[in-house]
Every structure is written in C-alpha cells, then in structure tokens.
Amino acid sequence: MTARSAAALDVVGTVARLGLAAVWLVSGGLKAADPTQTYVAVRAYDVLPIAAVDVVAAVLPWFELALGVSLLLGVATRLMAVLSIGLLLLFIAGVAQAWVRGLSIDCGCFGGGGQVAPGATSYGLEIARDVGFLAFAVWLAVRPRSYLAIDGLLASWDNARLAKEGS
Amino acid sequence: MGGAERGDRKRRRDAMAEAPTTVMRPVQPGRPGGPGVNPSRGQVAAVQRRWTGGRIAVVAALAALAVVVVVTVIVTLSGRTSPAAVAASYPVRLDGAVVVAGQPTARTTVDVYEDYLCPACAKFEQDNGAEITQALNDGQIQVRYHGVAILSNASKPPGYSERAGNAAVCSVDAKIFPSFHERLFADQPSEGGPGKSDDELVALGRELGAQGDFENCVRSGKHTEAVVAETKRAVGNAALRGPRGFGTPTVVVGGEKVDISNSDWLREAIQRG
C-alpha cells in the first residue's frame, strides 16, 4: 500500500469518525434536552417493561453523548465503533419490529383534531438513516485509524518508546 | 497541529515498517528470552505486557462509560421513589365534559389537557400526579381536567380515547374520579392496540368502588359527545397551540401555556398566585 492511498484511507476514517461523533452528540443532546420525549419514544417501541423504560430512557442520552465525545477526541476509536454498531443494530431492530407490528413510534401525542400524523412513511427512512450511520461505524471498527485522533498520538508514543527500547 | 500530527503519523508508520510486529499483537507465552529468539522480540513483548497507550485509552474509555451508565441508573432509580401515592381528599364536580377538581376557594387555577391514550400524558401524571394531588388536598389549586380525544385513530379499533374520556367523566358521578383518572394512566394501554374494553373500564370502576350507574354511563357513551365537543374546542383554541399544533399534555395557568419540562412549574404557579 502506498503512503498516498493510506493517507486517503485515513481521511475517510477521519470523516467517518467525526461524522459518527456528530450523530451521537446531536442525537444524545436532543434526547438529554427533552427527557419526556425520550421516555415516550423509548416506550413507544413497546419492547421493554414499563419499569425498564425509565432507566433506559435516562441512560441512553448520556451514553450516546459519551460515545460522541470519545469519537470526537478519537479515544478508543475501535471500541467506540463496535459499541456504536451494537447500539445502531438495536435501534434498527426496534424500528423494524415497530414497523412490523404497526406501532406508531412518532408518539402520536400531536394529532390535532383526532387525526394522527401518519408515521408509517418514516419507518423506512429511519432504518435507511441508521444503516448509513452503521457504515461509518463498521469502517471504523475495521480500520480505526484517522487524523486528529488521540489514538494516533498514543500509538506514535508507543512506537517511539518501542523503537527506543529496541535500539 | 495537523502538520505535527502528520509528522508523528509518518514516523509511526516508519517505525511500524521496521518493527517486526505491531503494538497490539498478543504476546506469545514462553517465547521472550528463549534461545534463538531475536532479542528485540523480547523487548517488544515487554512493552506489550506493560501499559500501551492504546490499552490505556480503551480502559479509560470503558471506565468513563461505566461511570456514565452507573450514575444515570442510580439517579433514575433514586428519583423513582419520590411520587408516593397521596390519597385524594378534594371535591370534584363537572363542568360539561371538564372535570373541576379542588376547592373553589383555591387561588390558582390549572387547566390540564390530556388524552388517555397519550404516553406523554402518562409520563406527566407519573411525574406530577402526587404533587398535584397534594396541592389539591391543601386547597392551593383548582385543576380543570380536559380529557380530550386527539388520538382516536391511534387505537385499533379507533376510539379508545373517546371511550376512556367518557368513562373518566362518568367516574365523577361515581365518586371515584381521582383514583380512576390515576389508574387510567398508570395502566395505560399501548397505542396501536385495542385499549381497555368497556368491560375492563367497568371492572376498573367497580374495583375502585364506583357508585350509581357507572356501568350504564360507560357502555352507553353518555358523555362521548361532550368529550368530542371539548376536544374540538381545545384544538380550535389558538392559545393552546405549540410549534407543532395542539398536543397533549398541555398545561395552562392563568391563560398561559406552562413549560412542564421545568420540574418546578407547579410550585412557581402556586407562588405567583
């Protein structure tokens, strides 16, 4: 592999890392800012017992924000990518099962005059979006190297130490 | 920073090209220091056995995540115990389909718009029910409960919102409104399902000690028209609209919509008088 193509792959990795960081920061931020809506959204998937909905709805925003910060800084990128894959797969499974069961995951508390805004069309879109994010995460899990990452600094530190002790 | 970073990166790549193994490669037991082993191998393994930067990052990140999860779980679980059930001792009367709760002498009037199928309303009751009951008991507030039916089509078959709204109005004459209202939200059926059947609504009323002809009131839909009319009034009221139109729960104090995500909204409303 030439240095140039490696650099190009590093650029792709950087875009994937910062993109995925942005996804989690925005998603976690929105959820943290509106706990009621988050609770309602988690509950609307109708997977968890009510007692667990509270806890999941409370943890989810902060977990997402933590993933986002870690990815933004480039700390433990591969681990964060793997956790992101897991979380995204859970989201996709949640939306898919709600789709199959015909649940209205748009909460539906905004109807206006007895009509529920048709949420049916957004299921596919939501899954497509999550699959796009999943692509970022898979790239980083396979090849976590990128620019402007603390991981890179740590690795060069290791290598410098290694080279010193080896000589 | 980018230039220095790239410099580091290049050095790192060069170092990796020279080194016989990458940093993350697991140590092979028994090899280091053995006969005929390249001496640098042993030193590489020694570095691997110690804390490498990558390993520190992974452990630190895992620790941070664990702290985030544990703290939020603890905060949630400890917060959950607070809304202890308060027995209602306030009077309730009807004004059309609007349930007026509390002493008429209360200085503050709170209008609450709820749909019995709306999960956000269930959450609102879970978070605020005990505090509202306490303020009603103490004669600090009067609450006008508007049981609106905007999620009619969110049950299969449609119409649970109306049936539940009607039953809640029936529960006023049956002298069980506070507990019936609370239970409708605490045991809220999920959207997309059939909702509670009339039989289940009647059984719940009986369990809570309904008086008079509660059963007939529920099955005949005595107040359904009034509920629908009240819904139309609420939806048509511009003062109740948010950015996405009229939604539930909507809480109004003194003609103004209240931000119920502020957990002190009730205390502040009472203080304002």
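Tyr145(B), setting aside neighbours within four places in sequence, is in contact (heavy atoms within 4.5 Å) with Ala97(B), Val98(B), Val99(B), Ala101(B), Val112(B), Glu114(B), Glu125(B), Ile132(B), Leu136(B), Phe177(B) and His181(B). The model is a predicted one, in which local features need pLDDT of at least 70, side-chain atom pairs count only at pLDDT 80 or more, and totals for chains, interfaces and linings use all residues. Residues are numbered from 1 along each chain as its sequence is written, chains are lettered from A and ligands numbered from 1 in the order in which they are written, and side-chain values use heavy atoms, with hydrogens and water left out.

Tyr145(B) also belongs to the largest nonpolar core, where Tyr145(B), Ile132(B) and Ile141(B) have the most contacts inside the core. A nonpolar core here is a set of buried Ala, Val, Leu, Ile, Met, Phe, Trp, Tyr and Cys residues joined through side-chain atoms within 4.5 Å. Buried means under 20% relative accessible area, exposed means over 50%, and partly exposed lies in between (1.4 Å probe, protein chains only). This core has 90 residues, and its largest share, 9 residues, comes from α3(A). It also draws at least three residues from each of domain 1 (40–82) and domain 2 (92–272) of chain B; the domain bounds come from an automatic or database domain assignment. In soluble globular proteins, nonpolar side chains tend to be buried together.

Chain B as a whole has 10 helices and 6 strands. Helices (H or I, at least four residues) and strands (E, at least two) are DSSP runs, numbered from the N terminus. Of the 273 residues of chain B, 45% count as buried. Among its contacts between residues at least 6 apart in sequence, 71% join residues at least 24 apart. The chain exposes about 13,600 Å², of which carbon and sulfur atoms supply 54%; accessible areas come from the Shrake-Rupley method with a 1.4 Å probe, and for residues only the protein chains shown count as cover.

One pair of residues brought together across the sequence involves helix α4 of chain B (residues 119–137), which holds Ala120(B). The C-alpha atoms of Ala120(B) and Pro249(B) are 6.6 Å apart, although 129 residues separate the two in sequence. Ala120(B) counts as buried because its relative accessible area is 8%.

Strand β5 of chain B covers residues 250–253, and both of its faces are covered: Thr250(B) and Val252(B) on one side, and Val251(B) and Val253(B) on the other, are all buried. Two strands pair if DSSP finds at least two bridges between them. β5(B) pairs with strand β3 (residues 108–114) of chain B in the antiparallel sense over 4 bridges, and Val253(B) is the bridge partner of Val110(B). β5(B) is also joined by 2 bridges to strand β6 (residues 256–257) of chain B, again antiparallel. There, Val253(B) stands opposite Glu256(B). β5(B) and β6(B) form a hairpin with 2 residues between them, and Gly254(B) in the turn has a positive phi of about 55 degrees.

Chain A meets chain B around helix α2 of chain A. In this helix (residues 35–44), Thr38(A), Tyr39(A), Val40(A), Val42(A), Arg43(A) and Ala44(A) are buried. The buried residues of α2(A) pack against α1 (3–33) and α3 (50–73) of chain A together with α4 of chain B. Just after α2(A), Asp46(A) takes a positive phi of about 55 degrees.

In chain B, the side chains of Arg163(B) and Asp198(B) meet in a salt bridge (2.9 Å, N to O). Arg163(B) lies in helix α5 (residues 160–173) of chain B and Asp198(B) in helix α7 (residues 198–207) of chain B, so the pair ties together parts that are 35 residues apart in sequence. Arg163(B) counts as partly exposed because its relative accessibility is 25%, and Asp198(B) is partly exposed at 21%. Asp199(B), Arg206(B), Glu215(B) and Arg219(B) are linked in a network of salt bridges.

Key. Salt bridge = Lys/Arg side-chain N within 4 Å of Asp/Glu carboxyl O.
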